[in-house]
Amino acid sequence: MLSAFASELYQSLSLEAPNVQFHLRNWSENTLQDLGKDEVLVGVNYEIGHAPKELLQHTLTRDAYCVYLRNGHSYQGQTIDILTSGELEFATIIASDWNSHTSFAEKIMKMHGVTPKIKFRSELPSAILDVVEHSDLVFPASRFINTGQRNLRKVKVQIDTVDFTPEVLLYHHHKHRNNDTVLWLKEHIKRCLDNLCTP
């Protein structure tokens, strides 16, 4: 998700604070600990059930999950219902502290009695997008994924005919609940994500 709004976020922040150095980094297996130890001020991710009690969560927006597939793929629908997608083969992303062993899409499908056919996994969205562009695999992911100039299209994901829209959250230590910098960052991050949501 970071790659989708990093440039806009940097530009927005640096306009108001031109002399401040910003460090944006990917969410990792240490991010929750780093937030708890005050080594990272804020983090953005989906809901994490095992987040420590000292971290506060604020909803920034809702994502709209999609499936990315190559133009010319035999599936031509405008939506894919996870419950009836058993014939498709998937590429999935592994993200530390969020789905480090089983992808989010796999968990949702298994919760609904569907065992997905996973053919490719990676931590790198660019690697997955390259594989999907040149195969019949499909990639369930955030609508915020930047596909660049690839020959791909995205199709809305549904679960039992309802769009799948997980919350995107801002995490920070509870002692920063009234911190002006955290509130300022939250405002800018939310604005950037809202801009991505506007067609």
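A cavity here is a set of grid points where a 1.4 Å probe fits but cannot get out, and a residue lines it if an atom lies within 4 Å of a point. I keep in mind that this is a predicted model.

**Entry: cavities**

I searched the whole structure and got two cavities of 30 Å³ or more. The largest cavity comes out at about 60 Å³. I listed its lining: Tyr65, Ile82, Phe104, Ala105, Ile108, Met109, Pro140, Val157, Ile159 and Phe164. Helix H3 (104–111) and strand S8 (152–159) are the elements that give two or more residues to that lining. H3 has the largest share, with four residues. I then sorted the lining of the largest cavity by class and found 10 nonpolar residues, no polar ones and no charged ones.

**Entry: aromatic pair at the cavity**

I turned to the rings next and found six aromatic pairs in the structure. One of them is Tyr65 with Phe164, edge-to-face, with 5.4 Å centre to centre and 75° between the planes. This pair links distant parts of the chain, 99 residues apart. Tyr65 sits in the loop between strand S2 (55–62) and strand S3 (66–70), while Phe164 sits in the loop between strand S9 (162–163) and strand S10 (167–173). Both names were already in my list for the lining of the largest cavity. I checked burial too: Tyr65 has a relative accessible area of 7%, so I note it as buried. Phe164 has 16%, so it goes down as buried as well.

**Entry: a second pair**

Tyr68 and Phe139 form a tilted pair, 6.1 Å centre to centre and 40° between the planes. Again the pair links distant parts of the chain, with Tyr68 in strand S3 and Phe139 in strand S7, 71 residues apart. Tyr68 counts as buried at 2% relative accessibility, and Phe139 is buried at 0%.

**Entry: ring cluster**

I also noted a cluster: ring pairs link Tyr10, Phe22 and Trp184.

**Entry: the largest pocket**

Last, I looked up the largest pocket, which holds about 1300 Å³ of space. I count 46 residues in its lining, and Leu2, Arg25, Asn26, Trp27 and Val44 lie nearest its centre. The elements giving two or more residues to this lining are helix H1 (2–16), strand S1 (43–46), helix H4 (125–133), strand S7 (139–141) and helix H5 (180–197). H1 gives the most, five residues. By class, I have the lining of the largest pocket down as 29 nonpolar, 13 polar and four charged residues.

Methods
Residues are numbered from 1 along each chain as its sequence is written. This is a predicted model: local features need pLDDT of at least 70, side-chain atom pairs count only at pLDDT 80 or more; totals for chains, interfaces and linings use all residues. Side-chain values use heavy atoms; hydrogens and water are left out. On a 1 Å grid over the protein atoms alone, a cavity is a set of points where a 1.4 Å probe fits but cannot get out, and a pocket is an open set with protein on both sides within 12 Å along at least five of seven lines; lining residues have an atom within 4 Å of a point. Grid points are joined across faces, edges and corners, and a volume is the space filled by probe spheres set on the points. Ala, Val, Leu, Ile, Met, Phe, Trp, Tyr, Cys and Pro count as nonpolar, Asp, Glu, Lys and Arg as charged, and the others, Gly among them, as polar. Rings of Phe, Tyr and Trp (its six-membered ring) pair if their centres lie within 6.5 Å; planes under 30 degrees apart count as stacked, over 60 as edge-to-face and the rest as tilted. Buried means under 20% relative accessible area, exposed over 50%, partly exposed in between (1.4 Å probe, protein chains only).
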